[in-house]
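Keep the structure open while you read.

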Amino acid sequence: MAYYVDLLASRKHGTRYLGVTNDIVRRVHEHRTKAAPGFTSRYGVDKLVWFEIYDDAATAITREKELKKWRRDWKVRLIEEQNPVWVDRFPGISN
């Protein structure tokens, strides 16, 4: 089973959310439809701008915790290395 560490954003350089999941399509869909009240619903964080794939949950969780300690500008650089214009990656993975 694959595990994903993902960054969602409200817009380019906007509010971001970092998470880990074993079903990225379901999880991003929940954020996009505001299925659960909370941070992402309140701030309109619904665009998948970056993700990494791992083979096991422990490694994915360790990576998520590492990234949560990073400064904002480091996370922006991480996103822009793979996605310079912050294109929403969800349509490409949800088909």
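Start with Lys68 and Glu64, which form a salt bridge whose closest N and O atoms are 3.5 Å apart. Keep in mind that this is a predicted model. Both residues sit in helix α3, which covers residues 57-68, and they are 4 residues apart, about one turn of the helix. Here's the general idea: an α-helix has 3.6 residues a turn, so residues three or four places apart point the same way. And side chains of opposite charge can pair when their charged atoms come close.

Are the two partners buried or exposed? Lys68 is partly exposed, at 48% relative accessibility, while Glu64 is buried, at 12%. Elsewhere, salt bridges that share partners tie Asp23, Arg26, Arg27 and Glu30 together into one network.

How many salt bridges are there in total? The count comes to 10. Here are three of them, side by side:

| Salt bridge | Closest N and O atoms |
|---|---|
| Arg26 and Asp23 | 3.8 Å |
| Lys47 and Asp46 | 3.0 Å |
| Lys68 and Glu64 | 3.5 Å |

Let's check how accessible the other partners in the table are. Arg26 is partly exposed at 35% relative accessibility, and Asp23 is partly exposed too, at 32%. In the other pair, Lys47 is partly exposed at 30%, but Asp46 counts as buried because its relative accessibility is 17%, and the cut-off for buried is under 20%.

Staying in helix α3, have a look at Arg63. The side chain of Arg63 makes a polar contact of 3.4 Å with the side chain of Tyr54. Leaving aside residues up to four places away in sequence, Arg63 touches Val5, Trp50, Glu52, Tyr54, Trp70 and Leu78.

Now for the nonpolar side of things. The largest nonpolar core has 14 residues, and the ones that touch the most other members are Val5, Leu7, Val49, Trp50, Leu67, Ile79 and Trp86. Which elements give two or more residues to this core? They are β1 (3-9), β3 (47-54), α3 and α4 (72-82). The largest share, 4 residues, comes from β1.

To see one of these core members up close, click on Leu67. Not counting residues up to four places away in sequence, Leu67 touches Val5, Leu18, Trp50, Lys75 and Leu78.

After α1 comes Lys34, which has a positive phi, near 55°.

Definitions and conventions. Residues numbered from 1 in each chain as written. Predicted model: local features only at pLDDT ≥ 70, side-chain atom pairs only at ≥ 80, totals over all residues. Heavy atoms only, no water. Salt bridge = Lys/Arg side-chain N within 4 Å of Asp/Glu carboxyl O. Buried < 20%, exposed > 50% of the residue type's maximum accessible area, 1.4 Å probe, protein only. Core = buried A, V, L, I, M, F, W, Y, C linked by side-chain atoms within 4.5 Å. Contact = heavy atoms within 4.5 Å. Polar contact = N/O pair within 3.5 Å; in protein donor to acceptor, adjacent residues only side chain to side chain.
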